[in-house]
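Dear colleague,

Please find below the structure that I am handing over to you.

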Amino acid sequence: MVKMNQHSLNHHFYSFLDLFLLYMNQQKRLAIFERLAIAIPEPVTELNYNSDFELLIAVVLSAQATDKGVNKATAKLFPAANTPQAIYDLGADGLKDYIKTIGLFNTKGANIIKLCRALLDNHNGEVPKTREELEALAGVGRKTANVMLNTAFGQPTIAVDTHIFRVSNRIPLGKGKNVVEVEKKLEKNVPKKYLLDAHHLLILHGRYTCIARKPRCQSCVISDLCEYKEKNLD
Ligand code: SF4
């Protein structure tokens, strides 16, 4: 009988402790995002675009390429062709002239022509708004679909790229061995208020402060809240 009471006491004690730790973690994560939001007042993509379609093309081109490189190419491409019909009419060879400075341009170009055809045939030339329809387009994977859902359509999705993967594992905000694991954990851990902006806050934090080699921990606004064991405080 005594044993049972002790057990139930322990049970309650641990439950309380668990709740307390959960609360502390939530508060900490909230503080992390509050500070990032102040440090990064404009959490938006660095890709240049003026329509959902232009954003889609820019994101497809940006795989394994820098935003700067993509912007340079689209600064010439979009004034010449910025609709599915216009890019389709360029054809693979015509399109190549505009994007040949970008890595994997052959594959990306072929995908973009197919993608334009599918938009014309199946979506009245519009960019579809669901994950299933987006992922059915040539050259559009989970990451690109997430970027479109978040940036064009205002849905609280987080496209885990190399920056977000690194930052999330370091702080940590969501530890995982692959991008889907990290994405799922972030969806659970990021405070609701910041779910929409988390994607760009974490990318920009990773791109400029929590960089891959020698993170800039000294000037990092969340240094005291970050648990990364190999902080660069020299
Ligand atoms: S303290 Fe360093 S490791 Fe931690 S988030 Fe900031 S830059 Fe990244």
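**Surroundings of the ligand**

Around the ligand there are 13 residues, of which Cys 210, Pro 215, Cys 217, Cys 220 and Cys 226 come nearest. By class, this shell comprises eight nonpolar, two polar and three charged residues. Please bear in mind throughout that the model is predicted.

**Overall architecture**

The protein chain contains ten helices and zero strands. Read from the N terminus, its elements therefore follow the order α-α-α-α-α-α-α-α-α-α. Along the principal axes, the C-alpha atoms occupy a box of roughly 80 × 45 × 25 Å. Of the 234 residues in the chain, 32% count as buried. Among contacts with a separation of 6 or more, 57% are accounted for by residues 24 or more positions apart.

The domain assignment gives two entries for the chain: domain 1, covering 52-152, and domain 2, covering 162-219. Taken over C-alpha atoms, the centres of domain 1 and domain 2 are separated by 26 Å.

**Helix 8 and helix 10**

The axes of helix 8 (residues 162-170) and helix 10 (residues 195-208) come within 8 Å and cross at roughly 85°. Since angles of 65 to 115 degrees count as roughly perpendicular, helix 8 and helix 10 are therefore roughly perpendicular to each other. The contact of helix 8 with helix 10 involves four nonpolar, four polar and two charged residues. On the side of helix 8, the residues concerned are His 163, Ile 164, Arg 166, Val 167 and Ser 168. They meet Leu 202, Ile 203, His 205, Gly 206 and Arg 207 in helix 10.

**Asn 111**

Is Asn 111 buried, partly exposed or exposed? Asn 111 has 18 C-beta neighbours inside 10 Å. A residue needs 20 or more to be buried and 12 or fewer to be exposed, so Asn 111 counts as partly exposed.

Setting aside neighbours within four places in sequence, Asn 111 is in contact with Val 60, Ala 138 and Gly 139. Val 60 lies 51 residues from Asn 111 along the chain, and the C-alpha atoms of these two residues are separated by 8.7 Å.

With kind regards

Methods: Residues numbered from 1 in each chain as written. Predicted model: local features only at pLDDT ≥ 70, side-chain atom pairs only at ≥ 80, totals over all residues. Axes fitted to C-alpha atoms, helices over the stretch in contact; angles between N-to-C directions. Helix = DSSP H or I, 4+ residues; strand = E, 2+ residues; numbered from the N terminus. Parallel < 35°, antiparallel > 145°, perpendicular 65-115°, else oblique. Contact = placed C-beta atoms within 7 Å. Nonpolar A, V, L, I, M, F, W, Y, C, P; charged D, E, K, R; others polar. Near = placed C-beta within 6 Å. Domains from an automatic or database assignment.
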